[in-house]
Amino acid sequence: MATGRTHRPATRSRGIPEATVARLPLYLRALTALSERSVPTVSSEELAAAAGVNSAKLRKDFSYLGSYGTRGVGYDVEYLVYQISRELGLTQDWPVVIVGIGNLGAALANYGGFASRGFRVAALIDADPAMAGKPVAGIPVQHTDDLEKIIQDNGVSIGVIATPAGAAQQVCDRLVAAGVTSILNFAPTVLTVPDGVDVRKVDLSIELQILAFHEQRKAGEETDGAVAPVAAHQESDEQGPDGDVPAVMPA
C-alpha cells in the first residue's frame, strides 16, 4: 500500500485555492452520508445546504475539480466521493503519529474516524517512561527517545502534537528533522516551522472564546432592542458632524 511519504496530493500543483481545499472535507462528509443512504445523485442546492455553503460557491469549487454536474440530474454521488477523496489524497494510506498521550492524545487515538478516512495511526509517543508499553486503543505507547526511528520505520509524513504547550516546539522540531512535513497541532501555542512544512492548529479554547463573543453580542442586541423604542422618543441636543443625531451603536 502506498504511504504518505511517496505520494503527495496534487491540489497545489493544480491551482486549487486554499479556501476551496478547506471546503472539500465538508462536501465529502455530506456526500458520504448520502452514499451511505444509497442516494445516487444530488443537486448543487441540496449538497450545498448539507455542507453549509451556498450553491454558487459549491459549483465554483467543483469547477476546479472538473466536475460540473448534469443539468436536471445533478452530481453523481459515488463519483464525487471518489473524486474528492482522490484530490484530498485519501485514496492512499497516510501513516500518522500522535505525540503526547494524555487525555486528549488518548481520545484522538481512540477516534474511529481516522481509519475510515485514509489515516492509519502508526504510533503513539509519549515522554513519560511509565507510559511506555501501555496499550491505548490497542496500540502500545512508545517513548519519545525513539521518535526519529519510529518516523523513519513507518514512513510518516503527518504528525499530531497533543503535548503541553511547553513541550510542543521541541517535539515539532524533532518531527520536522525526522522528515514530517505536515503537523496537526492541538497544543495551545504557535509553532515555528521551516518553509515546506504545513501546520494546522486546533485550539478548542479559542473556538469557545469566539462563541462567547457571539453570545455576548446577541445578549447586547436583545438589550438594545428592548430599550430602542424608548430611546427613539428622547430628544437630544447632541448632533453629529452632519447635524444628525448620532445613531445608537450596539455595545
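Buried means under 20% relative accessible area, exposed over 50% and partly exposed in between, with a 1.4 Å probe and protein chains only. The model is predicted: local features need pLDDT of at least 70, side-chain atom pairs count only at pLDDT 80 or more, and totals for chains, interfaces and linings use all residues. Residues are numbered from 1 along each chain as its sequence is written, and side-chain values use heavy atoms, leaving out hydrogens and water.

**View 1. The buried side of helix α2.** Helices here are DSSP runs (H or I, at least four residues) and strands are E runs of at least two, numbered from the N terminus. Ser44, Leu47, Ala48 and Ala51 of α2 are buried. Down the axis of α2, these buried residues fall within an arc of 100 degrees, so they line one face of the helix. The arc is taken over directions from the helix axis to the C-beta atoms. They pack against α1, β1 (41-42), α3 (55-65), β2 (75-76) and α4 (77-87); contact means heavy atoms within 4.5 Å.

**View 2. The opposite face and the end of α2.** Glu46, Ala49 and Ala50 are exposed, on the face turned away from the buried side of α2. Just after α2, Gly52 takes a positive phi of about 80 degrees.

**View 3. Helix α1 against helix α2.** α1 (residues 18-36) and α2 (residues 44-51) pack at about 110 degrees, with axes 8 Å apart. That makes α1 roughly perpendicular to α2 (angles of 65 to 115 degrees). Axes are lines fitted to C-alpha atoms over the stretch in contact, and angles run from 0 to 180 degrees between N-to-C directions. From α1, the contact uses Leu26, Tyr27, Ala30, Leu31 and Leu34; from α2, Leu47, Ala50 and Ala51.

Note on methods: Parallel < 35°, antiparallel > 145°, perpendicular 65-115°, else oblique.
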